[in-house]
Amino acid sequence: VIDLGAWKRVTLGLSCAIFLLAVILPIFVLLWSSFMPYYGVPSRELAAKMTLADYQYILNYPMAATAFKNSVYLSIGSARLLMRLASVIAWITRRNQAARARVSRQHGFYSKCPCPASSWG
Amino acid sequence: MPGIVLGVSLISIYLTLPIRIYGTIWVLRLAHMTKYIPYGIRAASASMIQINEELEEASLTLGATWLQTFRKIILPLLMPGFIAGWISNSIIALRELSISIWLYSYNSKVLSIMAFDLWAGGQYTYVCALGVLMVRLPVAMAFTARKPGASVGIAE
């Protein structure tokens with residue numbers, strides 16, 4: 001830990017500014033535009049035209065249900081399959097001594113092939 | 001590996017090999033698994049080194065097969081890392097575009113492709129609405145991981 005002394009407030013202000021620019025403002029504009037009938041700079045006149053039409057359009061979009069189903073299936077389903085595979089690979093790479101009796105040297109090598117960096121650590 | 005490289009190589013492989021999965025959701029699944037396996041191994045091996053080898057040896061000396069040992073001893077002990085890897089992989093796979101854009105077909109469209117289509121059609125406000133709806137999913141997953149997910153595992 002570095003003691004910043006008098007610079008504490010300055011660095012706090014800087015990190016708050018970065019957080020504002022990188023997270024708060026983009027999310028605000030995303031939310032803002034999602035309620036607007038057309039794309040525009042946030043202003044009071046535009047705020048009067050707030051509408052839910054965009055959400056209605058998205059929910060009634062012909063491919064929306066399929067796309068949602070596919071996305072959830074892909075992300076959750078394949079991540080589960082992936083973790084099953086990864087835990088076996090992690091066992092082989094971590095327990096090299098025990099694995100050598102069962103799995104030949106070549107198999108150990110192939111298991112590291114897709115990502116050498118993750119099996120070195 | 002950049003997603004574009006992986007996507008193009010998967011196209012050329014599954015168009016030449018006589019395995020008919022090109023254009024189905026299975027090729028997308030395979031691509032996601034190939035791309036994100038390093039993250040999965042990272043999460044799994046981090047918890048694997050916390051498990052003492054003697055627990056497995058005890059199970060093996062009592063006559064269990066390796067598969068039984070893996071399912072009954074290692075996987076439950078690995079669960080916290082397994083769940084963490086599962087959820088973090090789900091979240092990054094949800095917004096994956098660079099592979100999906102090469103491998104999707106009409107029936108295997110995903111949300112990121114839909115957002116890209118709408119954006120290419122110039123319907124920016126619709127993309128924003130879809131974005132807001134899409135953001136809720138990973139946020140919900142992250143909260144699940146924090147609250148009930150923290151108590152998963154064999155330690156009480």
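By class, how many nonpolar, polar and charged residues does the lining of the largest pocket have?

Analyst: The lining of the largest pocket has 13 nonpolar, two polar and one charged residues. Here Ala, Val, Leu, Ile, Met, Phe, Trp, Tyr, Cys and Pro count as nonpolar, Asp, Glu, Lys and Arg as charged, and the others, Gly among them, as polar.

First, the ground rules. This is a predicted model, where local features need pLDDT of at least 70 and side-chain atom pairs count only at pLDDT 80 or more, while totals for chains, interfaces and linings use all residues. Residues are numbered from 1 along each chain as its sequence is written, chains are lettered from A and ligands numbered from 1 in the order in which they are written, and side-chain values use heavy atoms, with hydrogens and water left out.

Now the pocket itself. The largest pocket holds about 400 Å³ of space. Its lining has 16 residues, and closest to its centre are B:R95, B:A115, B:G131, B:M134 and B:V135. Three helices of chain B, α4, α6 (111-120) and α7 (124-146), each give at least two lining residues. α7(B) has the largest share, with seven. A helix is a DSSP run of H or I with at least four residues, and a strand is a run of E with at least two; both are numbered from the N terminus.

What makes a space a pocket or a cavity? Rolling a probe the size of a water molecule over the atoms shows where empty space is left. The search uses a 1 Å grid over the protein atoms alone: in a cavity a 1.4 Å probe fits but cannot get out, a pocket is an open set of points with protein on both sides within 12 Å along at least five of seven lines, and lining residues have an atom within 4 Å of a point. Grid points are joined across faces, edges and corners, and the volume is the space filled by probe spheres set on the points.

The structure has two cavities of 30 Å³ or more. The largest cavity holds about 40 Å³. Both chains line the largest cavity; A:L74, A:S78, A:L82, B:H32 and B:Y36 are among the residues there. α4(A) gives the largest share of that lining, five residues. α2 (25-48) and α4 (66-94) of chain B also supply at least two each. This lining splits into six nonpolar, four polar and no charged residues.

The second largest cavity holds about 30 Å³. Its lining includes A:S71, A:L74, B:H32, B:E96 and B:V110. By class, that is four nonpolar, three polar and one charged residues.

Last, the packing. A nonpolar core is a set of buried Ala, Val, Leu, Ile, Met, Phe, Trp, Tyr and Cys residues joined through side-chain atoms within 4.5 Å. Buried means under 20% relative accessible area, exposed over 50%, and partly exposed in between, with a 1.4 Å probe and protein chains only. The largest core has 20 residues; A:L82, A:W91, B:M48 and B:I74 have the most contacts inside it. Seven of its residues come from α4(A), the largest share. B:I74 touches A:W91, B:M48, B:I51, B:E56 and B:T69, leaving aside residues up to four places away in sequence; a contact means heavy atoms within 4.5 Å.
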